[in-house]
Amino acid sequence: MGYLRSEEEVEAMIEEMKRKSKGKYITQGVTFSKDSERQMELLKYALMYSTSFSGLGKELIADKFESELSKNKIKSNNSQPSNITNDSHTEVVEKKDTGNFLL
């Protein structure tokens with residue numbers, strides 16, 4: 001997998017997020033366009049299959065990077081299994097600046 005940033009760059013970004021946040025958590029948001037039928041379907045299924053959107057997001061990220069996580073021996077601390085099955089529908093998007101990340 002090709003990365004957009006080095007591990008050192010990301011560690012510096014995370015330290016900056018920690019420094020700037022006043023609470024216990026770092027929050028990263030997800031927006032869904034009301035005009036996108038696909039995005040509205042994604043939101044619908046996310047809300048149907050999960051009691052916590054945040055928990056679902058973390059589990060999906062863990063699934064996506066499972067091989068990297070196992071290399072670093074990071075284990076999930078969430079005891080609830082994910083009820084989502086992976087679907088092979090992917091959307092190709094032009095890279096653009098979204099603030100914290102490039103898509």
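Visitor: Which residues form a nonpolar patch on the surface?

Guide: Val 10, Ile 14 and Ile 26 do. Together they show about 200 Å² of accessible area (Shrake-Rupley method, 1.4 Å probe, with only the protein chains shown counting as cover for residues). Patch residues have over 30% relative accessible area and no salt bridge; nonpolar side chains (Val, Leu, Ile, Met, Phe, Trp, Tyr) are joined within 5 Å, like charges within 9 Å.

Visitor: What kind of model is this?

Guide: It is a predicted model: local features need pLDDT of at least 70, side-chain atom pairs count only at pLDDT 80 or more, and totals for chains, interfaces and linings use all residues. Residues are numbered from 1 along each chain as its sequence is written, and side-chain values use heavy atoms, with hydrogens and water left out.

Visitor: Why does Ile 26 count as partly exposed?

Guide: Because its relative accessibility is 37%. The cut-offs: buried is under 20% relative accessible area, exposed is over 50%, partly exposed is in between (1.4 Å probe, protein chains only).

Visitor: New topic. How many helices and strands are in the chain?

Guide: Four helices and zero strands. Along the sequence the pattern reads α-α-α-α.

Visitor: And how much of the chain counts as buried?

Guide: 5% of its 103 residues.

Visitor: Is Glu 68 buried or exposed?

Guide: Glu 68 is buried, because its relative accessible area is 19%. Glu 68 sits in helix 4, residues 66-71.

Visitor: What does the side chain of Glu 68 make a polar contact with?

Guide: The side chain of Tyr 3, at 3.4 Å. A polar contact is a pair of N or O atoms within 3.5 Å; within protein, one must be able to donate a hydrogen and the other to accept it, and residues adjacent in sequence count only if both atoms are side-chain atoms.

Visitor: On to charges. How many salt bridges does the structure hold?

Guide: Four. Each is a side-chain nitrogen of Lys or Arg within 4 Å of a carboxyl oxygen of Asp or Glu. One of them pairs Glu 15 with Lys 18 at 3.4 Å, N to O.

Visitor: Where do Glu 15 and Lys 18 lie?

Guide: Both are in helix 1, three residues apart, about one turn of the helix. Glu 15 is partly exposed at 46%, and Lys 18 is partly exposed at 47%.

Visitor: What does Arg 19 form a salt bridge with?

Guide: Glu 16, with the closest N and O atoms 2.6 Å apart. This pair also lies in helix 1, three residues apart. Arg 19 is exposed at 58%; Glu 16 is partly exposed at 32%.

Visitor: And Glu 41, which residue is its salt bridge partner?

Guide: Lys 44, the closest N and O atoms being 3.3 Å apart. Both lie in helix 2, three residues apart, about one turn of the helix.

Visitor: Which residues do salt bridges that share partners join into one network?

Guide: Glu 16, Arg 19 and Lys 20.

Visitor: Last one. Which residues form the negative surface patch?

Guide: Glu 7, Glu 8, Glu 9 and Glu 11. Lys and Arg count as positive, Asp and Glu as negative; His and the chain ends are not counted. Glu 9 is in helix 1, residues 7-20, and is partly exposed at 43%.

Key: Charge placed at Lys NZ, Arg CZ, Asp CG, Glu CD. Helix = DSSP H or I, 4+ residues; strand = E, 2+ residues; numbered from the N terminus.
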